[in-house]
Amino acid sequence: MGWLLPQWALAAEVSLPGVTFSTGGVSGKADPEQVGVGLQILALMTLLSLAPSILIMVTSFTRVVVVMSFVRQAMGLQGQPPNQVLIALSLFVTFFIMGPVFDRVHEEALRPYLDKRISEEQALDKALVPIRNFMVRQTREKDLALFLRLSGVQKVQSPDEVPLRLLIPSFMISELKTAFQIGFMIYLPFLIIDMVVASVVMSMGMMMLPPLVISMPVKLILFVLVDGWALVVGSLVQSFK
């Protein structure tokens, strides 16, 4: 082990250089361009940290993931498909539904901004237009009127005048209501199967046999035979049109 001591001592003397960030120029004064770049990086990091919440608030993700959860519970499956699979499927269905909206944001806001034809403020305003239009189409007037009344805002002349702080919660409530309505329609056929199986089991006198043991395979095979996932996803996509 003695031959390792010189190398260890040499490694102990080596120290890592320090890294510092500064917005000052050569003369020590703040450079406006460097300050602007730093603020842009800070804004981008903040936006990335809020991206999951924004995705849930202003897109179709809420309705899709709630309906997917209803499908799993209606079939009596607690962990299949796993949460990761349901969330991944909901994300890709959301991207498919929001595709036209994202295309408009890219063509009208992102591309002109990258080409330096418009400013950041103009890009943000143009990007909000298609997203706002999507939320307005999916928001019930009753839910929007509720938040307008709670906030004390007078009647607006057009949907473009509705503040985002009122439009977003109204949109989310409408999405939850629609998702529960679709989930109720999904539950009905599975509930009928459970009732029929329970009646048959009771009539045969098999008191010790849980009806769920028989009804779950029946529901699974019927769901596969009717191509249930395709029907659910197709109905979800059509519900946004």
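This is a predicted model: local features need pLDDT of at least 70, side-chain atom pairs count only at pLDDT 80 or more; totals for chains, interfaces and linings use all residues.
F70, by contrast, counts as buried because its relative accessibility is 15%, under the 20% cut-off. These two residues form an aromatic pair. A pair of aromatic rings is described by the distance of the centres and the angle of the planes. For F70 and F180, the ring centres are 5.2 Å apart and the planes meet at 80 degrees, so the arrangement is edge-to-face; an angle over 60 degrees is required for this assignment. The pair links distant parts of the chain, with F70 located in helix α3 and F180 in helix α8, 110 residues apart. Together with Y187, F70 and F180 make up one aromatic cluster. In total, seven aromatic pairs are found in the structure. A further ring, that of F240, has R63 over its face, at 3.8 Å from the ring centre.

The chain contains 10 helices and zero strands, so that its elements, read from the N terminus, are α-α-α-α-α-α-α-α-α-α. Among the contacts with a sequence separation of 6 or more, 70% are accounted for by residues 24 or more positions apart.

Of the 241 residues in the chain, 28% are buried. The accessible surface of the chain amounts to about 16400 Å², and carbon and sulfur atoms contribute 70% of this area.

In soluble globular proteins, nonpolar side chains tend to be buried together. The largest nonpolar core of the model comprises 39 residues, and F134 and M135 are those with the most contacts inside it. At least two residues of this core are supplied by each of the helices α3 (61-74), α4 (83-97), α5 (99-114), α6 (120-138), α7 (141-151), α8 (164-203) and α10 (228-238). The greatest contribution comes from α3, which provides nine residues. Helices α3 and α8 are thus named both among the contributors to the core and as the elements that carry F70 and F180, respectively.

When neighbours within four places in sequence are set aside, M135 is in contact with V58, L164, L167, I168 and F171.

Note on methods:
Residues are numbered from 1 along each chain as its sequence is written. Side-chain values use heavy atoms; hydrogens and water are left out. A nonpolar core is a set of buried Ala, Val, Leu, Ile, Met, Phe, Trp, Tyr and Cys residues joined through side-chain atoms within 4.5 Å. Buried means under 20% relative accessible area, exposed over 50%, partly exposed in between (1.4 Å probe, protein chains only). Helices (H or I, at least four residues) and strands (E, at least two) are DSSP runs, numbered from the N terminus. Contact means heavy atoms within 4.5 Å. Accessible areas come from the Shrake-Rupley method with a 1.4 Å probe; for residues, only the protein chains shown count as cover. Rings of Phe, Tyr and Trp (its six-membered ring) pair if their centres lie within 6.5 Å; planes under 30 degrees apart count as stacked, over 60 as edge-to-face and the rest as tilted. A charge sits over a ring if NZ of Lys or CZ of Arg is within 6 Å of the ring centre and within 35 degrees of the ring normal.
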